[in-house]
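Please keep the sequence and the model open while reading.

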Amino acid sequence: MQPNRPGVPSRPPAQHYSPFSAPGSTQAMRPEQVQNPKFPGQPVNSTGTSFQGSSVSFPPTITPQGPEQRVTQPVRPNGPAVPFQPSQHLPPSVVGPPPPFVRPPTGSFMTSQPTPPPPGSSTSQQFIPSLGPRTPSVVPSPSVPLGPPSQAANYMPTGGNVPQPPIQYSPQYPQGGPPSVPTSGPPMQQSFSRPYSSGQGPQIPSFGPRPFPIPQPGIPGQQQSFPRLAGPPAFPGAAFQPPVQPSYMDGQQARVLPSYPTAGPPTGSIQGLIEEFQSLSVSSVPGSVEAGLDPISLPRPLSEADMDVTSSSSIFVSNCHPRYLRFTTHALPNSQSLMARWHLPLGAVVHPLAEPPDGEEIPVVDFGPSGIVRCRRCRTYINPYVTFTDSGRRWRCNVCTLLNEVAGDYFAPLDMNGRRQDADKRPELTQGSVEFVAPTEYMVRPPMPPLYFFLIDVSISAVRSGMLQVAAETIKSCLDKLPGFPRTQIGFLTFDSALHFYNLKSSLTQPQMMVVADLDDPFVPLPDDLLVNLSESRHVVEALLDSLPSMFAENINVESAFGPALKAAFMVMSQLGGKLLIFQSTLPSLGVGRLKLRGDDPRIYGTDKEHTIRNAEDPFYKQMAADLTKYQVGVNLYAFSDKYTDIASLGTLSKYTGGQVYYYPSFNATLYKEKFRHELARDLTRETAWEAVMRIRCGKGIRFTTYHGHFMLRSSDLLALPAVDCDKAFAMQLSLEDTLLTTQTVYFQVALLYTSSLGERRIRVHTIAVPVVAELGEMYRNADTGAIMGLLSRLAFEKTLSHKLEDARQVVQLRIVRSLQEYRNLYAVQHRLAGRLIYPESLKFLPLYGLALCKSLVLRGGYTDVQIDERCAAGFNMMIIPVKRLLKLLYPSLVRLDEYLQKGPIKDGADIKDLLQPMASSADKLDPRGAFLHDDGFRFVLWLGKVLSVDFVLSLLGVEAASSRDLSRVPVIEQNNELSRKFFATLEILREKDPAFYQHCYVLRQGEQPRESLLLLFNLVEDQIAGTSGYVEWLLQIHRQVQQKGK
């Protein structure tokens, strides 16, 4: 490469430049009109990205250029000579090799047509813009020969909003970078996309990774166009940048955000702008006149890393981990006008008791008699973002900025940087997640002991299904694992058409049963000994659990006095509180709270009354939930029935007490015993936070407006959680109270006050700092798809409680369309976007997850698609599950098993995710010669192809499965061979990844209807089925709506 030629104009100090203006002129020019000083007559070409494998035509348009887009001409480096190759896109009048450079008449039009991809190249997100007619400019417009383009460096613009990497220089150009840097150039074909080998000419940087150029004196094309802000960047949204960028020859990739203080995108080189977003090319499909997409190129979350991606700013090293708290975008808008342009939900997902990874623990801090250090005004707990002043005698609250006095026993001097000298020894000053030991002033009563009360249906359906037997066996097996020993309390009450109380006094050898038949005014027959200390009455409790199944084995009672039994259980538990576990098998039919067999009326679907069947029929259950919450009782509901049991009404008890709904339709102990046993044991043995309340505090100008999950809202921002555990998450929306935020960073702090199972009052605190930005592009770049779906799914389910299912689906789609339209507007002026659906890298999976949400059990179809109890149970479940589990539910994994199982046993230390490669969730991937496993985190579906070897099925599942026509009744049992052992070992490994639920394995054959459709085909997200859109059709529909709204 040659040094700068003399005569290149230097940049005047007060004049703005643009790559589209002529030297010495303020008139806007196109890239083709900018003269290359190295090659007179040759333009400096713009570089874009093209979609290989698609042919797209775009109408000629004229891009308006503003006076702010002014820059001096860049210098283009020399490149090796490229032999001419005829192009199939030459016009008919051009035949044979043209001269290297042809100067057309002044004012002639040039159009860069789409070029086909190189042979063998994969589909990539590249596009060559087509430049249509333009007005003549001051400088005549030369042309570039068609065919293989000249080689030029491609790079991103300088500037950004994050601290830059250390400056590194190319060995070829030490301390100064290359003498001339092009601002743009034509796209290189694949054969020229790599640097030359050693000894074959100068090194030409490749398309990726894209390094950065050194700004050169007199070459302002890539230098920042705005005044530099004083001081270092306080957060990722700051506009301060180091004066020098790494050499563009270094070949290192760095993430740099654009430095533009206005709401519009940067106006540097076209290549830099295009690199800001991803896109899909919408073009005609071969053999069809309809527009289409290449299914292979569509983004899919096929690895765990895709589901773990978050946008939490790395500059705030003391932030809590995203598993505890994550925002829908980790860059908050600084004004209400900017927030109005963010059409996606703005809020957070909180998972306060999430289990830390193996080997990590949340530190426990005990301040002793002096008490917890908190802000006097806003009550924020001390955290890593407070600042100490006055030689360490005061600290400033990071939330409300109040200066607080430092207690004498907490004082420590400051070092020369103003940091406490003992900061590294205090976790509350260095870590975003800590747990404080609360003193007595945080207690309104002595800490309660862990209490478990079992309310069990013993009607004929509960006995015959085997539920009673499995429940009794599981509870007995977990007695040694119940948390809180030796303080744990336990009690039982059974019911059918009457109520059965049990005296479990430790002095008895056998439990005593007392029957109450008065359902209109139930009462407690014994004031004491219905709740007993487990360690003292262990032998009586075990005797009761052993005798329960046989005691009601001959029961033929079909009635259910659930309402009176619930009131009686409340009277027993009201003194202490605790966890109430309900096992219900029959629709409540006697006494208060009786429910009608209203079923799922097909006539109301599509009408204004459709939502009524998804709400509680009787207000009795919501009132009982309020009373239970007041007395610190949380409810977990286990529902078993093959008939309608009105989960919408019964689930209200769990919804308002911080509990959970477990639904087992058509329960049969022979088939589903392991699932019920595992989930009940998990519920009994997992660590639980008792009598808890949660509040999230935030800085001035921001407040949380709505909360979504299972809880009772005690005040405007205080969530009452009688019993909460590590499997429950909550979502909330926020809004701006002030028209304009003046701070650069907003701080949030989640505080959960609870009683541990050991009787200690604790406060778990999670603190996070989020930057405030003035750019919509920054909000998109820092978006978190997982948190967006966590909040959006809860909003969609709540929408179905007051509107039609179709309305909820339309809201989901409309939010996605508006967000992509707003994002498109950021680049509509500078780019040719016709025929392309553009999206930010952070939201590349959002359309797919939106489609999956619309096709989920909660929102899918209508009357004939999902039973109402199953739909309501899925909705209650969606309201509490964490982000990672939700994403797995929305887009399940599909893997091929037969080839993997036949490779031999699993080696020690082998990672199962490396052995099983997920594929697209589509029926096109199902090979009739193979066996496939579908896993959504809640169940496994093993699909066996029609022509799969009978010997394989025989070895895998046994003779019964290989010969039976109805696999729904065949239990999945491990066989005595290596193939079967490897299969069941694989299932266990997958289950251990997330033990919250047990994935029961359903087996079905290809063509086995209706089970194949219900269990698998309806859940293949990318396919068109039963009137729903497939992935390709969904994206095309979104693309059309985005274009329509943009007109």
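The sections below cover the basis of the values, salt bridges, a sheet, a surface patch and aromatic pairs.

## Basis

This is a predicted model, in which local features need pLDDT of at least 70 and side-chain atom pairs count only at pLDDT 80 or more, while totals for chains, interfaces and linings use all residues. Numbering starts from 1 along each chain as its sequence is written, and side-chain values use heavy atoms, with hydrogens and water left out.

## Salt bridges

A salt bridge here is a side-chain nitrogen of Lys or Arg within 4 Å of a carboxyl oxygen of Asp or Glu. The count comes to 43 salt bridges. Helices (H or I, at least four residues) and strands (E, at least two) are DSSP runs, numbered from the N terminus. For accessibility, buried means under 20% relative accessible area, exposed over 50%, and partly exposed in between (1.4 Å probe, protein chains only).

Arg538 and Glu542 form a salt bridge, N to O 2.8 Å. These two residues are four apart in helix α6 (residues 538-551), so about one helical turn separates them. Arg538 is partly exposed at 23% relative accessible area. Glu542 is also partly exposed, at 23%. Glu610 and Arg614 meet in a salt bridge at 3.3 Å, N to O. Both Glu610 and Arg614 are buried.

Arg677 and Glu674 form a salt bridge, with the closest N and O atoms 3.7 Å apart. They sit three residues apart in helix α10 (residues 669-685), about one helical turn. Arg677 is partly exposed at 26%, and Glu674 is partly exposed at 39%. Elsewhere, salt bridges with shared partners join Glu355, Lys579, Arg682, Asp683, Arg686, Asp725, Asp727, Lys728, Arg885 and Asp994 into one network.

Strands pair if DSSP finds at least two bridges between them. Three strands make an open sheet in the order β10-β11-β12, with antiparallel pairing. The edges are β10 (387-389) and β12 (403-405); each has a single partner strand, so one side of each lacks a neighbour in the sheet. Neighbouring strands are turned by 35° against each other on average, direction ignored. Axes are lines fitted to C-alpha atoms, for helices over the stretch in contact, and angles run from 0 to 180 degrees between N-to-C directions.

Strand β11 (residues 394-396) runs antiparallel to β12, joined by three bridges. Arg394 stands opposite Glu405 in β12.

## Aromatic pairs

Rings of Phe, Tyr and Trp (its six-membered ring) pair if their centres lie within 6.5 Å; planes under 30 degrees apart count as stacked, over 60 as edge-to-face and the rest as tilted. The whole structure holds 35 aromatic pairs. Tyr385 and Tyr747 have ring centres 5.3 Å apart and planes at 40°, so this pair is tilted. The two are 362 residues apart: Tyr385 is in the loop between β9 (364-365) and β10, Tyr747 in strand β27 (residues 745-755). Both Tyr385 and Tyr747 are buried.

Phe570 and Tyr631 pair edge-to-face, 5.5 Å centre to centre and 70° between the planes. Phe570 lies in helix α7 (residues 562-573) and Tyr631 in the loop between α8 (620-630) and β20 (633-641), so the pair ties together parts 61 residues apart in sequence. Phe570 is buried at 16% relative accessible area, whereas Tyr631 is partly exposed at 37%.
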